[in-house]
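Reader: I would like to go through the helix packing and ring contacts of this model, asking for the reasoning behind each term.

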Amino acid sequence: MLARHHDPIVAIATAPGRGAVGIVRVSGKHIAPVIEAVCGRALQPRQATYLPFRDAQGAAIDQGLALHFPAPHSYTGEDVLELQAHGGPVVLQLLLARCLEAGAALDPITGQAAVPRLRVAQPGEFTERAFLNDKIDLAQAEAIADLIDASTETAARSAARSMSGEFSLAVNTLLEQLIHLRMLVEATLDFPEEDIDFLQKADAQGQLTRLQTTLATVMQRAVQGALLREGIKVVIAGQPNAGKSSLLNALAGAELAIVTPIAGTTRDKVSQLIQIEGVPLHVVDTAGLRDALDEVEKIGVERAWAEIASADAVLFLHDLTRHTADYLAADAHIAQVLARELPRNTPIIDVWNKSDAADTQVLGSIKGGVLISAKTGTGLQDLRSRLLEVAGWQAVPEGVFMARERHVRALRQVEEQLVKAGMQLHTAQPALDLLAEDLRQAQLHLGEITGAFTPDDLLGEIFSRFCIGK
């Protein structure tokens with residue numbers, strides 16, 4: 001642990017603003033003087049006590065509940081004090097200041113300032129201490145932040161699964177299988193008089209195959225979990241008056257963007273987070289793509305192309321009521337630019353809008369894409385299904401646990417190392433030292449997920465994204 005991890009810390013643990021209840025949390029060693037100063041008495045462990053919270057002169061700041069959780073039976077694994085007061089910002093700031101004042105008071109025995117002094121917690125420091133004190137692993141710590149930030153019900157439930165340890169259990173099961181196989185190979189290295197038949201008799205190949213099968217299952221659930229957490233960015237593009245703003249409103253179920261018959265109404269992007277079967281989609285409506293003469297619209301078109309360049313998927317909207325040669329030529333030009341400028345793996349979905357007003361002959365000529373009417377809602381369910389398809393969403397029978405991109409990346413690195421190990425085992429005379437190294441690297445990558453092998457700079461980045469007080 002770093003030196004700062006030994007300091008007692010304090011923070012307001014509830015969201016900024018007014019509320020019915022607000023919480024000030026203290027964690028660390030030697031917090032008894034703070035309890036005595038603020039509460040005026042010692043507290044029974046794990047029992048809520050209703051009492052006044054006192055300032056330095058003994059006057060009541062507020063009345064509320066005080067709870068003391070002695071180490072190691074607390075969230076952080078340290079002594080913890082929670083003060084549940086009325087949720088006014090001024091009241092909570094007064095309590096915070098009082099705790100800091102009490103934590104810096106002179107020790108009644110030595111007459112010296114209390115060491116170490118109580119200080120305000122950094123973002124995520126309470127959860128970081130829970131991790132450092134082995135109350136939770138790193139995947140569970142990240143799941144706590146993901147549960148707080150969940151944008152859909154499905155994401156919240158998946159984060160709760162990870163927080164309870166479901167993801168960690170799956171990773172640790174993989175680790176156990178991997179370590180068993182690795183020890184088998186290491187033992188063969190330690191006893192060179194044993195020939196390669198030793199590995200064959202121990203079914204090393206079968207163990208590796210079962211390990212790869214388990215990994216594939218875990219990776220599938222993790223990929224889906226990462227999708228639930230991150231979502232995808234979907235940009236609606238097309239010529240002016242194709243119905244882009246109407247489509248955004250229809251997908252969102254609200255009048256978010258201004259819709260008029262006037263070409264160029266949308267001058268800037270309009271974004272909205274929607275969910276389809278619990279998967280978050282960041283949908284962006286953009287200015288109509290054309291050679292604009294108006295300076296403001298020109299800027300809007302430039303921003304539209306910038307949004308398109310960063311999209312995970314593009315909905316290329318076509319107007320079925322405008323089937324003229326000029327309109328079709330302009331659409332073909334946009335299609336060429338999209339194909340040229342976008343990465344090859346960025347899906348472009350052709351969406352044919354205004355099917356309710358289109359000529360029958362025109363409708364019969366459409367091949368591919370999705371036929372919709374943003375006005376009547378026809379075809380929107382097909383479009384939603386197509387978006388889930390391009391996003392890669394596949395609900396798994398066992399349920400999804402929340403995962404992050406770094407978890408998926410680590411699992412893919414494990415997969416690569418196991419493929420290398422399999423190639424070694426398939427040779428007539430496998431290089432056992434290389435095989436052992438492949439398995440060791442796979443173990444290290446798995447350990448990165450739960451925090452068994454994690455550099456301090458990564459820990460700093462992870463916990464800095466938490467809110468203060470958590």
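This is a predicted model: local features need pLDDT of at least 70, side-chain atom pairs count only at pLDDT 80 or more; totals for chains, interfaces and linings use all residues.

Reader: Why is α8 called roughly antiparallel to α14?

Author: The axes of α8 (residues 204-230) and α14 (residues 405-426) cross at roughly 160 degrees and come within 10 Å; because angles over 145 degrees count as roughly antiparallel, α8 is roughly antiparallel to α14. The crossing of the two helices, α8 and α14, is left-handed.

Reader: Which residues make the contact of α8 with α14, and how do they divide by class?

Author: Among them are L208, L211, L215 and V218 of α8, together with V408, L411, R412 and L418 of α14. The residues of this contact comprise 16 nonpolar, four polar and three charged.

Reader: What makes α9 roughly perpendicular to α13?

Author: Helix α9 (residues 244-252) and helix α13 (residues 380-391) have axes that cross at roughly 85 degrees and come within 11 Å; since the range from 65 to 115 degrees counts as roughly perpendicular, that term applies to α9 and α13. Here L247, A250 and L251 of α9 meet L380, L383 and R384 of α13, a contact with five nonpolar residues, one charged and no polar.

Reader: How do you know that the charged end of R25 sits over the ring of F126?

Author: The charged end of R25 is 5.4 Å from the centre of the F126 ring, which can be set against a limit of 6 Å, and the definition also requires a position within 35 degrees of the ring normal; R25 is accordingly described as sitting over the ring of F126.

Reader: How many aromatic pairs does a search of the whole structure find?

Author: The search finds one aromatic pair.

Conventions. Residues are numbered from 1 along each chain as its sequence is written. Side-chain values use heavy atoms; hydrogens and water are left out. Axes are lines fitted to C-alpha atoms, for helices over the stretch in contact, and angles run from 0 to 180 degrees between N-to-C directions. Helices (H or I, at least four residues) and strands (E, at least two) are DSSP runs, numbered from the N terminus. Angles under 35 degrees count as roughly parallel, over 145 as roughly antiparallel, 65 to 115 as roughly perpendicular and the rest as oblique. A crossing is left-handed if the near helix is turned anticlockwise from the far one by less than a right angle, and right-handed if clockwise. Contact means heavy atoms within 4.5 Å. Ala, Val, Leu, Ile, Met, Phe, Trp, Tyr, Cys and Pro count as nonpolar, Asp, Glu, Lys and Arg as charged, and the others, Gly among them, as polar. Rings of Phe, Tyr and Trp (its six-membered ring) pair if their centres lie within 6.5 Å; planes under 30 degrees apart count as stacked, over 60 as edge-to-face and the rest as tilted.
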